[in-house]
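This report describes selected local features of one protein chain. The sequence and the structure are shown first, and the description follows.

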Amino acid sequence: MNPDKEAALINERIDTSFKRLINTRYQINVVFNHYFNTFNFLMHVAHPKKRSRSIPLHTVDTDDLVYLESLIKRIQAHTQLTITYTGFVGEKWPSDLRPIQKIMGTREDKQYLN
């Protein structure tokens, strides 16, 4: 696992999926899969007159938050897209101990458990 190579792969897939269509919202979603101890990177594409979809970008086979943080920094240096986090309730970034996922309500993280 090399964070430079994985970040380059994710950034390349972001560039191919990012079509720059007007009235279309693009964001990156990072999902923590607790069952397989992996991080899944998805691109969520939403257009008001079309069905929204998520495009799988890459799966990182580790649950190390230090590794994820270095990967996120490399992705943020490449793109200005919003990055959202799912499945990180109670987890904190190792560098500054800020919460990774902002909790808005009691039912926010349960949407993926059904």
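## The segment after β4

Leu97 lies in the segment after β4; helices (H or I, at least four residues) and strands (E, at least two) are DSSP runs, numbered from the N terminus. The phi angle of Leu97 is near 60 degrees, a positive value in a residue other than glycine. With a relative accessible area of 59%, Leu97 is exposed; buried means under 20% relative accessible area, exposed over 50%, and partly exposed in between (1.4 Å probe, protein chains only).

Lys102 is also found in the segment after β4 (82-86). Its relative accessibility of 52% places Lys102 in the exposed class. Between Lys102 and Thr84 there are 9.3 Å in space, C-alpha to C-alpha, and the two are 18 residues apart in sequence.

## Basis of the description

The model is predicted, so local features need pLDDT of at least 70 and side-chain atom pairs count only at pLDDT 80 or more, whereas totals for chains, interfaces and linings use all residues. Residues are numbered from 1 along each chain as its sequence is written, and side-chain values use heavy atoms, with hydrogens and water left out.

## Aromatic pairs and cluster

A search of the whole structure finds six aromatic pairs. Rings of Phe, Tyr and Trp (its six-membered ring) pair if their centres lie within 6.5 Å; planes under 30 degrees apart count as stacked, over 60 as edge-to-face and the rest as tilted.

Tyr85 and Phe88 are both buried. For Tyr85 the relative accessible area is 15%, and Trp93 counts as buried at 6% relative accessibility. One aromatic cluster is made up of Phe32, Phe39, Tyr85, Phe88 and Trp93.

## Packing of the two helices

Two packed helices are described by the angle between their axes and the distance between the axes. Helix α1 (residues 3-17) and helix α2 (residues 65-78) pack at an angle of about 45 degrees, and their axes are 9 Å apart. Axes are lines fitted to C-alpha atoms, for helices over the stretch in contact, and angles run from 0 to 180 degrees between N-to-C directions. The helices α1 and α2 are therefore oblique to each other; angles under 35 degrees count as roughly parallel, over 145 as roughly antiparallel, 65 to 115 as roughly perpendicular and the rest as oblique. The crossing of α1 and α2 is right-handed, a term used if the near helix is turned clockwise from the far one by less than a right angle, with anticlockwise counting as left-handed.

On the α1 side, Pro3, Asp4, Glu6, Ala7, Ile10, Asn11, Ile14 and Asp15 meet Tyr67, Ser70, Leu71, Arg74, Ile75 and His78 of α2. Contact means heavy atoms within 4.5 Å. By class, seven nonpolar, three polar and four charged residues make up the contact of α1 with α2; Ala, Val, Leu, Ile, Met, Phe, Trp, Tyr, Cys and Pro count as nonpolar, Asp, Glu, Lys and Arg as charged, and the others, Gly among them, as polar.

Leu9 is found in helix α1 as well. This residue is partly exposed, with a relative accessible area of 26%. Leu9 and His58 are 49 residues apart in sequence and 8.0 Å apart in space, C-alpha to C-alpha.

## From α1 into β1

Asn23 has its place in the loop between α1 and β1. Its phi is near 60 degrees, a positive value in a residue other than glycine, and Asn23 counts as exposed at 60% relative accessibility. Thr24 is placed in the loop between α1 and β1 (25-33), but Thr24 is buried, with a relative accessible area of 14%. Leaving aside neighbours within four places in sequence, Thr24 is in contact with Val45, Ala46 and His47.

Gln27 belongs to strand β1 and is buried, with a relative accessible area of 19%. Apart from neighbours within four places in sequence, the contacts of Gln27 are Leu42, Met43, His44, Thr82 and Thr84.

Asp61 sits in the loop between β3 (53-60) and α2. Asp61 is exposed, with a relative accessible area of 60%. Not counting residues up to four places away in sequence, Asp61 touches Met1, Asn37 and Thr38. The C-alpha atoms of Asp61 and Phe36 are separated by 8.2 Å, with the two residues 25 apart along the chain.
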